[in-house]
Each structure stands twice: as structure tokens, then as C-alpha cells.
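Colleague: I'd like to learn how to read a few features off a model. Could you walk me through some?

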Amino acid sequence: MMIQMIGALLTVLTSTIAGIYWGVQTVYRIEELQELKRAMIMLQNQISFLTKPLPEALEDIGKKTDSVISHLFCSVAKEMEQRQGQSGEEIWRQSVLQWQNTTYLEKEDIDAMLCFGNSLGYLDIIQQKASIALFLEYIETTVENLQEKSKKQMKLYPSMGILTGLLLVVVLL
């Protein structure tokens, strides 16, 4: 009887923790999108005011940002400095595709980043700023939607975890 109670408690506890984890994933995605927004604003400022070469600008941004976003910008800068016959777009694409498994960003976020990368290094300053502004608009819209969604998920998923655990306990006992 005691083993069944411990098993039931562990089942409910595990499913509750899984529910909390699923609920928090959206919060992590929001944080990464906000950090990406901060990095893009810095890139826009670097392009507008400092006119640094793109690899230097990306490296500076990588050093000033936190989390996995800094790894992306640093790896792109490093690859651009080596420049093995690849365009800025190809380097950005390869780096983002390698990096995507280390982040909470979803497919549509990665697609937007790849779309932004299509203009990286090709356009003049005005068009480059417009491309960044478009990407920033995507981030802002996505963050607003996710913040509303996050409030609901933070309540829903832990509750679903508890109920799923209780259902498993009832079915197994």
C-alpha cells in the first residue's frame, strides 16, 4: 500500500512538473525574442551611426547580448571574418540552422530570421535599416501575442499536468 501511495505521488508530481515546464516554454521564447529585438536594435544603430564592417558590428553585439542570442551573433561574425567564399546570406542561414536547436524559438521565428538574413550584407544602409525594422515589427507583434497566450498557458498547463497525473493514478490503481 505504501509503495502504491509513493508511486501515485510521484506520478502526480512528475506530470505537474511537466505541465509547469510546458507552460514556461512560452516565457522563455518571449525572453529570447526580446533579447533578439535588443540585438537587432543594436545592429540597426551600428549600421546607422558607426558604419562598422558587418563582422565587427555582429561581434560587438554578440559580446553585449546575453543568452543563446550572443552565440548566434558571435558565430556569424566569426564565419564572416573567415569568409570562405560564402555570402552574408549563406553564412547567416547556416549559422541560424545550426543554432536553432539550442533555442526556444519556434519554426516561424527561425523562418523570420532566415528571411531577414536574405538581405544581410547586400543592401544599402537605408534598405538594411528597413529590413531590420520589418524584422523588429515581427518580433514586437509576436511578443505581444505570446504575452497574452503565456498568461493562459501558465494557468492551463500546470492544471492539466495535475489532472493528467490524477487520471493516471486512478487508471493505474
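Colleague: Let's start with F116 and F135: are they buried or exposed?

Modeller: Keep in mind that this is a predicted model. Both F116 and F135 are buried. For F135 the relative accessibility is 4%, and the cut-off for buried is under 20%, so F135 counts as buried.

Colleague: How many aromatic pairs does the structure hold?

Modeller: Five aromatic pairs. Take F116 and F135: their ring centres are 5.6 Å apart and their planes sit at 20°, so this pair is stacked; planes under 30 degrees apart count as such. F116 belongs to helix α5 (residues 107–117) and F135 to helix α6 (residues 125–172), so the pair ties together parts that are 19 residues apart in sequence.

Colleague: Which aromatic pair does F135 form with Y138, stacked or edge-to-face?

Modeller: Stacked, with 6.3 Å centre to centre and 10° between the planes. Here's the general idea: an α-helix has 3.6 residues a turn, so residues three or four places apart point the same way. In this case, F135 and Y138 both lie in helix α6, three residues apart, which is about one turn of the helix. Y138 has a relative accessible area of 24%, so Y138 is partly exposed.

Colleague: Which residues form the aromatic cluster?

Modeller: F73, W92, F116, F135 and Y138 form one cluster. F73 is also among the buried residues of α3, along with V68, I69, S70, L72, V76, A77 and M80.

Colleague: What span does helix α3 reach, and what is expected?

Modeller: The idea is to set the C-alpha span against 1.5 Å a residue. Helix α3 (residues 67–82) has 16 residues and reaches 24 Å from first C-alpha to last, close to the expected 22 Å. After α3 comes R83, with a positive phi near 40°.

Technical notes:
Residues are numbered from 1 along each chain as its sequence is written. This is a predicted model: local features need pLDDT of at least 70, side-chain atom pairs count only at pLDDT 80 or more; totals for chains, interfaces and linings use all residues. Side-chain values use heavy atoms; hydrogens and water are left out. Helices (H or I, at least four residues) and strands (E, at least two) are DSSP runs, numbered from the N terminus. The expected span of a helix is 1.5 Å times one less than its number of residues. Buried means under 20% relative accessible area, exposed over 50%, partly exposed in between (1.4 Å probe, protein chains only). Rings of Phe, Tyr and Trp (its six-membered ring) pair if their centres lie within 6.5 Å; planes under 30 degrees apart count as stacked, over 60 as edge-to-face and the rest as tilted.
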